[in-house]
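Please examine the sequence and the model displayed below. The discussion after it takes the form of questions and answers.

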Amino acid sequence: MTSIDLAAAQQRVLDRRQARALASQSRSQARRSKYAFGVSSRLPFPLNTWSQSGIEAWDTIKGRDGTRPAFRVGQVDAELLDEELLELLKSQVGEALKYFGSHLRDEWSSEILLGLRAALFKLSIWDHNASYGAALQNLQYTDARKAGPLLSTPTRWQKVWYGALSVGGRYGWDKWNMWLADQEGNYEQSSPSVQSLSRISSAVSTAHSVAAFSSFIVFLVNGRYRTLLDRILRLRLASPANHLSRQVSFEYLNRQLVWHAFTEFLLFLLPLVGITRWRRWVSRAWRKAKTLIKRGDDEEDKASDGELSFLPERTCAICYQDQNPTSTAENEILAVSGASGGVVGSAQTDITNPYEMIPCSCIYCFVCAISRLEATDGEGWTCLRCGLLVKECKPWTGDVLAAATTPKNKKSVSFSDDDDKDAENGG
């Protein structure tokens, strides 16, 4: 088929579609007028003159024939997606501005929202006649003032007023409420003019909320205008394709449910398996393997030395390891100590309240030793000085001097020859 034949076929299909739409519209109008005439003819005189227009207006509001309402759920979801996208961008901008000061995000929050809303409006509705949420729902804005089988794109003035009210109007209303709050939040009593302006602002806000609620109720009935601003500007969200499937894909929902169930299962299983125990076992095996690799075959007889065995006895190896987590090699520590005067450790790493490990008798601080032993849950801890596995500790008694005890009844034994010699020497 050539391009000319294809264009002609498309034109014929479009003509048939327009003819069917006009025929359906004429049938609906005839049926509506017949129904209105039958109802109004049974009413008394004052009502049968003007009730026909009222019945037609009610049928226009209530009836769905000819309005071609788009999916209500899709329109509401589009608004929610737009709000979520705005909140996501706001959080990202806040994370970027925190390096310049935490006060910027709070003081310029209204201006940040103004810039984000303006950028989203320009890149979505102004350029493509649909917001990002509406595009995900396969919807776009149309001009509801133009009736016909084909959808009409919004005019430039409709977009201008939509952007001015949805972007600039929200910014102005937020700044106005902030100014009123600042005026009423002072320690001094606010002026009567400020109080009257506050009452007027509250009344306007209440009226807007009631009007928005009424508009949403009407939207639930006929599905034409989602928000009050759309109803004022006569902008509708509709699908560009007439034949749109109402089947909803649950692929992403199923994937989310699978991952949620999997994470819940892992959170239930990991405490039972004891991941900390396996992690300690792997780390202990890795330290031993690394120590053996470093020493080589010629130093296998010293395999029982710990990774911090070169520290002086006055230094707690656990305190030193906590304060120097990056430098654990002996050469690195000796190089650092040489640069600082040849002293390894400091007063902060000296042993306080010494306790000795069993069976290696290495000395550590009481708090350090108890914390490491309790963290192993009775499986033992590898000593940093000797490399042995220790499970217990006891107070160190190396600095306790035992007092020498002398017997109360002292007896001496001597012989007679010795006594004679002593007497002669004395004489």
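Reader: On what basis are the residue numbers and values given?
Author: This is a predicted model, in which local features need pLDDT of at least 70, side-chain atom pairs count only at pLDDT 80 or more, and totals for chains, interfaces and linings use all residues. Side-chain values use heavy atoms, with hydrogens and water left out, and residues are numbered from 1 along each chain as its sequence is written.

Reader: How many helices and strands are there in the protein chain?
Author: Helices (H or I, at least four residues) and strands (E, at least two) are DSSP runs, numbered from the N terminus. Counted in this way, the protein chain has 15 helices and 7 strands.

Reader: What percentage of the residues of the protein chain count as buried?
Author: Buried means under 20% relative accessible area, exposed over 50%, and partly exposed in between (1.4 Å probe, protein chains only). The protein chain has 427 residues, and the share that counts as buried is 24%.

Reader: Are helix 5 and helix 7 roughly parallel or roughly antiparallel to each other?
Author: Axes are lines fitted to C-alpha atoms, for helices over the stretch in contact, and angles run from 0 to 180 degrees between N-to-C directions. Helix 5 (residues 109–128) packs against helix 7 (residues 156–184) at an angle of about 170°, with the axes 11 Å apart. Angles under 35 degrees count as roughly parallel, over 145 as roughly antiparallel, 65 to 115 as roughly perpendicular and the rest as oblique. The two helices, helix 5 and helix 7, are therefore roughly antiparallel.

Reader: How many nonpolar residues does the contact of helix 5 with helix 7 have?
Author: Contact means heavy atoms within 4.5 Å, and the residues that make this one include Leu 114, Phe 121 and Trp 126 of helix 5 and Val 160, Tyr 171 and Met 178 of helix 7. Ala, Val, Leu, Ile, Met, Phe, Trp, Tyr, Cys and Pro count as nonpolar, Asp, Glu, Lys and Arg as charged, and the others, Gly among them, as polar. By class, the contact has 3 polar, 6 charged and 10 nonpolar residues.

Reader: Which class describes the angle of helix 3 to helix 8?
Author: The axes of helix 3 (residues 72–97) and helix 8 (residues 192–222) are 9 Å apart, and the packing angle is about 140°. That angle makes helix 3, relative to helix 8, oblique.

Reader: Which residues of helix 8 meet Arg 72, Gln 75 and Val 76?
Author: Arg 72, Gln 75 and Val 76 belong to helix 3. On the side of helix 8, the residues they meet are Phe 216, Phe 219, Leu 220, Val 221 and Asn 222.

Reader: Which residues does Gln 195 touch, not counting those up to four places away in sequence?
Author: Gln 195 lies in helix 8 and, at 29% relative accessibility, counts as partly exposed. With residues up to four places away in sequence left out, Gln 195 touches Gln 189 and Ser 190.

Reader: In what order do the 3 strands of the open sheet stand?
Author: Two strands pair if DSSP finds at least two bridges between them. Strand 3 (residues 354–358) is joined to strand 4 by 3 bridges and to strand 7 by 4 bridges. The pairing in this open sheet is antiparallel, and the order is 4-3-7.

Reader: What is the bridge partner of Met 357 in strand 7?
Author: Towards strand 4, Tyr 355 stands opposite Tyr 364 and Glu 356 opposite Ile 363. In strand 7, the bridge partner of Met 357 is Cys 393.

Reader: At about what angle does helix 14 run to strand 4?
Author: Helix 14 (residues 366–375) lies across strand 3, strand 4 and strand 7. Its angle to strand 4 is about 90°.

Reader: What is the phi of Arg 234?
Author: Most residues other than glycine have a negative phi. Arg 234 is found in the loop between helix 9 (228–233) and strand 2. Although Arg 234 is not a glycine, its phi is positive, at about 60°.
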